[in-house]
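This report covers one protein model, with its domains, their interface and some local features. Please have the sequence and the structure open while reading.

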Amino acid sequence: MAKKFYITTPIYYVNASPHIGHSYTTIAADTLARHMRASLGDENVWFLTGTDEHGQKIKRAADDQSLSPQEFVDKVVVQFKDLWVKLGISNNDFIRTTEDRHIVFVQKALEILYNDGKGDIIYKDNYEGLYCTPCETFWTPMQAEGQLCPDCKRPVEKISEVNYFFRTSKYQQWLIDHIRKNPFFIRPEVRRNEVLSFLTLNPLNDLCISRPRERLNWGIPLPFSQDHVAYVWFDALINYISAVGAFDEKGNYRSAWWQDDSQVVHLVGKDILRHHAVYWPIMLHALGIRPPDTIFAHGWWLMGENKMSKSRGNVASPLEMADKYGVDTYRYFLLRDVPFGLDGNFSEDAIIRRFNADLANDLGNLVFRTLTMIEKYYGGVVPEQGTLDEKGRYIASEAKDLHEHVAAILGVADFDFGSALEKIWEVINLANKYVEETKPWNLAKENKVKELEAFIRLLVEVIRQVDICLYPFMPRTAESIRGQIGEKMISKGNPLFPRINL
Ligand code: ME8
């Protein structure tokens, strides 16, 4: 097992407010970061998120509001930062591509590739192509069938200009070999196969990494050309290394987090898989930096048939959902309702169903009935451990092993949050069923003092184990359960999840 864990989210465009899709990746990364901190220690986990602030899209959005691009991004970035605080996101750093630390680093990386490659890695050429401005991508006439962008289906523009290119084609075979040798490099499997077939069936086009300043000046100036700025994707991908390291005077990258003994994981949506699984590893390889260990591309939240997206305007607000249903309910819903990797339909009805069934009925009920019994039978003092019957012993051992089971599920690069939560709920439900079968109120009536004590103590142990496993997913809930069931005494308070009546 790696000694260090470095996890990232995409850096989001600040052309509009964050929506549920953005919060999804960030909550997933937060859950993994919290989970890994529990096993590796806080000091061995680094969680990075941030914002992508250059490029045409941002410039246009700023123009629409009659603001300078810098004024505009300074305004919107606050919404992302505030949302992450509200959602309990425990990122260690937040990188903005307009920060000096990033700009200087990108220029250095370009300089290294330009000088070391001596025209073999970066070269200048005339470019004629079809360009999709919202996606910031050039397409060949075959790809942009009917003059429409194959990704977003909006019209493309014909463009002819002198640009700088990155000879990605030179690294195509290296990348294919790397993907074949490393089954966990691109996950889930379906995405790995998708990238492999793309790479094995098509010659890779060299990547255009500049934009002429006369067309777009909101970008990082190329160190070797006054007339160009860096293509926004080239600038953006580099955030993953600019935030955690630097080049030494010989051009070698040094980082505390991007090391041989660290596990480097990028979580992204499937919309940006190709940028991450093809261009990014090649950029790193050309810079003499090893590829990340895993690029996981999750599915999309849909509204009806369509992907939820800023440009379509069919978005739901994470702030509103968290205010309405609670931050932890929202976190739980996103990670439980749809298997990580697949698409899912977003609906408030589904949140309410999860809330009432899993949170109010199962978890909330187990905690509240345990607290009530401790108050009623023991005046609020947590009883001592006692001798359990066979069923009780089985539940105790399932609870004891729960953390190991959850860690085994999350330890595989498929990050199956849904199955991990299901496993936790199996134990919660075992305990609830045990209460119903044992009928502790009868034990009390029949004066079975020892049995009752052992029984209630078991429930406390189950809740403690569940609490530990739940913490990465629902940190505030876990903390509040810890506050309610202390080492020796309880502090009952209100039910955690009062039912929502429809
Ligand atoms: O692509 N469902 O930024 P972006 C699930 N700046 N996840 C979604 C989603 C949805 N409907 N919509 C967005 C960019 N996401 C670039 C990234 S990284 C070097 C540069 C999430 O603001 C998902 O993680 O368009 C997706 O990949 C990302 O937001 C795209 O965010």
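How many residues of domain 1 are in contact with how many residues of domain 2? In contact are 18 residues of domain 1 and 15 residues of domain 2, where contact means heavy atoms within 4.5 Å.

## Model and conventions

The model is predicted: local features need pLDDT of at least 70 and side-chain atom pairs count only at pLDDT 80 or more, while totals for chains, interfaces and linings use all residues. Residues are numbered from 1 along each chain as its sequence is written, and side-chain values use heavy atoms, with hydrogens and water left out.

## Domains and their interface

The domain assignment gives domain 1 as 4-321 and domain 2 as 348-484; such bounds come from an automatic or database domain assignment. The centres of domain 1 and domain 2, taken over C-alpha atoms, are separated by 42 Å.

The size of an interface is often given as the accessible area lost when the parts come together. Between domain 1 and domain 2 the buried area is about 1,400 Å², defined as the accessible area (1.4 Å probe) that two parts lose on being put together, summed over both. Carbon and sulfur atoms give 68% of this area. On the domain 1 side, Thr 31, Arg 34 and His 35 lose the most area to domain 2, together 40% of what that side buries.

## Polar pairs and contributing elements

Five residue pairs, both residues at pLDDT 80 or more, are in polar contact across the interface of domain 1 and domain 2. A polar contact is a pair of N or O atoms within 3.5 Å; within protein, one must be able to donate a hydrogen and the other to accept it, and residues adjacent in sequence count only if both atoms are side-chain atoms.

The side of domain 1 that touches domain 2 draws at least two residues from each of helix 1 (20-40), helix 3 (69-86), strand 14 (262-269) and strand 15 (294-298). Helix 1 supplies the largest share of that side, six residues. Helices (H or I, at least four residues) and strands (E, at least two) are DSSP runs, numbered from the N terminus.

## Arg 187 and the salt bridge

The count between domain 1 and domain 2 is one salt bridge, meaning a side-chain nitrogen of Lys or Arg within 4 Å of a carboxyl oxygen of Asp or Glu. Arg 187 forms a salt bridge with Asp 414, with 3.0 Å between the closest N and O atoms.

Arg 187 belongs to strand 7 (residues 186-187). Its relative accessible area is 8%, so Arg 187 is buried (buried is under 20%, exposed over 50%, partly exposed in between; 1.4 Å probe, protein chains only). Leaving out residues up to four places away in sequence, Arg 187 touches Arg 192, Thr 294, Ile 295, Phe 296, Ala 297, Ala 413 and Asp 414.

Two strands pair if DSSP finds at least two bridges between them. Strand 2 (residues 45-52) runs parallel to strand 3, joined by four bridges; Thr 51 has Arg 96 in strand 3 as its bridge partner.

Another open sheet has three strands in the order 17-16-18, with mixed pairing. Strand 17 (306-307) and strand 18 (344-345) each have a single partner strand, so one side of each is left without a neighbour in the sheet. Strand 16 (residues 301-303) pairs with strand 17 in the antiparallel sense over two bridges, and Leu 302 has Lys 307 in strand 17 as bridge partner.

## An exposed loop glycine

Gly 146 sits in the loop between strand 5 (137-139) and strand 6 (157-166). Gly 146 is exposed, with a relative accessible area of 66%. From Gly 146 to Val 156 the C-alpha to C-alpha distance is 9.3 Å, and the two are ten residues apart in sequence.
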